Amino acid sequence: RDVSDVDGPALKDLYAKYFMMGAAINGSDKSTAAIHHEGMANILKKHYNSTTLSNLMKPCYLLDEKACVKKGKKNANATDVSLNFDSCKESLDFCKENGIKMRGHTLVWHNQTPEWFFKKNYDAKKGYVSKKVMAKRMENYIKGVLEYCKKNYPGVVYCFDVVNECVDDGTGDDSVNWNCRTTFNGGDNFWYATMGTDYVEKAFTYARKYAEKGMKLIYNDYNVYVPAKEQNIYNLVKGLKEKNLIDGIGLQPTVDLYNPDELKGDSYDSFENCLKKYAELNVDIQITELSFKIDEETGERDEKSLKRQADRYQEMFELLKKMDTASGGPCNITSVTVFGICDDYPLYDDLVQCLYLWDKNAKPKESFYRVREVGESK
């Protein structure tokens with residue numbers, strides 16, 4: 001390939017018949033957001049009509065601890081929630097100015113939500129607040145985020161991951177038919193500790209109440225093709241859909257160069273069978289965090305591994321086109337998001353990773369050309 005050749009059709013145009021094409025805006029603070037790198041910003045503007053903030057819209061970035069603590073000093077059971085949107089404002093402005101839609105990620109998650117938010121006086125050293133108080137804090141938090149988006153960026157944030165990864169991989173709370181996660185890294189899932197399994201439905205109830213009209217409400221999770229977890233996710237989404245609280249499911253493929261053995265095919269854990277299963281729910285399907293990792297610890301970025309990576313991207317996009325309703329398939333796939341733009345994230349000095357469609361110099365890899373060719377094929 002002549003990797004200097006960056007001309008040609010945009011991915012978003014090639015796949016317009018099928019689904020929106022997305023890439024994540026990575027970065028651990030607003031100064032390292034991908035939009036501040038010329039190469040990544042240009043790629044995003046040309047090739048994508050959807051994006052996701054991989055970090056900067058999560059609760060730990062939006063919750064204003066100092067302002068909340070000030071309120072908590074006056075009332076141990078304070079439910080007012082103060083928010084600060086500095087972390088994501090520039091990226092939302094970028095989307096608004098360039099006609100790119102944003103996947104909101106994420107409102108309620110057991111990770112990257114600070115412990116103090118669940119405690120009396122907004123103080124991590126104190127005990128948990130009651131279920132009633134925590135439900136009100138949740139409502140005010142969700143209300144604040146969604147009303148900010150609705151007021152300042154109407155039509156830009158087209159969906160939101162309302163709850164993220166609440167289905168346990170192993171032994172969670174099986175008092176519900178979807179096995180609710182109770183712990184995280186050996187500690188409490190703070191949402192579960194304060195509200196029990198009800199926290200999931202409450203989150204969707206509040207999101208439905210305050211979301212902009214037309215915004216799709218999504219449940220997002222990983223290991224979605226592992227049979228036992230697949231069934232639990234199915235049960236959760238089915239129950240929420242029966243109450244008109246959910247519009248779609250976000251599937252983090254959690255795939256790599258060799259696992260599962262098949263993306264296509266009828267094996268029990270193929271990604272194709274997973275798509276067929278979730279299609280039965282008759283909700284939107286979004287592929288939310290796609291990548292194929294070359295493991296730098298066990299193998300170099302050699303010609304063989306780069307070819308395998310390109311093969312996997314090709315196989316995945318062939319499968320997604322085939323399964324989409326536009327091809328007569330069973331899945332209403334509305335967006336597909338590669339969870340980054342460039343390898344070895346150019347705005348960091350020391351990150352080594354090989355996952356995406358462009359290299360560190362914003363030059364297209366073989367994987368990019370394969371994805372483009374699938375889009376060009378009939």
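Reader: At roughly what angle do the axes of α6 and α8 cross?
Author: In this predicted model, the axes of helix α6, residues 131-152, and of α8 cross at roughly 35° and come within 9 Å. The crossing of these two helices is right-handed.

Reader: And which residues make the contact?
Author: On α6 the contact includes Lys 131, Ala 135, Met 138, Ile 142 and Leu 146, while α8 contributes residues including Asp 198, Tyr 199, Lys 202, Ala 203 and Tyr 206. Divided by class, the residues of this contact are 9 nonpolar and 8 charged, with no polar ones.

Reader: OK, pockets now. What volume does the largest pocket have?
Author: The largest pocket has a volume of about 500 Å³, and 23 residues line it, with Gln 252, Glu 289, Ser 291, Phe 339 and Tyr 356 lying nearest its centre.

Reader: How does that lining split by class?
Author: The lining of the largest pocket has 11 polar, 9 nonpolar and 3 charged residues.

Reader: What about the second largest pocket, which residues lie nearest its centre?
Author: The second largest pocket holds about 210 Å³ of space, and of the 13 residues that line it, Trp 178, Glu 201, Leu 236, Gly 239 and Leu 240 lie nearest its centre. Two elements, α8 (198-210) and α9 (227-242), each give two or more residues to this lining.

Reader: Which element gives the most there?
Author: That is α9, which gives 5 residues to the lining of the second largest pocket; by class, this lining divides into 5 nonpolar, 4 polar and 4 charged residues.

Methods:
Residues are numbered from 1 along each chain as its sequence is written. This is a predicted model: local features need pLDDT of at least 70, side-chain atom pairs count only at pLDDT 80 or more; totals for chains, interfaces and linings use all residues. Side-chain values use heavy atoms; hydrogens and water are left out. On a 1 Å grid over the protein atoms alone, a cavity is a set of points where a 1.4 Å probe fits but cannot get out, and a pocket is an open set with protein on both sides within 12 Å along at least five of seven lines; lining residues have an atom within 4 Å of a point. Grid points are joined across faces, edges and corners, and a volume is the space filled by probe spheres set on the points. Ala, Val, Leu, Ile, Met, Phe, Trp, Tyr, Cys and Pro count as nonpolar, Asp, Glu, Lys and Arg as charged, and the others, Gly among them, as polar. Helices (H or I, at least four residues) and strands (E, at least two) are DSSP runs, numbered from the N terminus. Axes are lines fitted to C-alpha atoms, for helices over the stretch in contact, and angles run from 0 to 180 degrees between N-to-C directions. A crossing is left-handed if the near helix is turned anticlockwise from the far one by less than a right angle, and right-handed if clockwise. Contact means heavy atoms within 4.5 Å.
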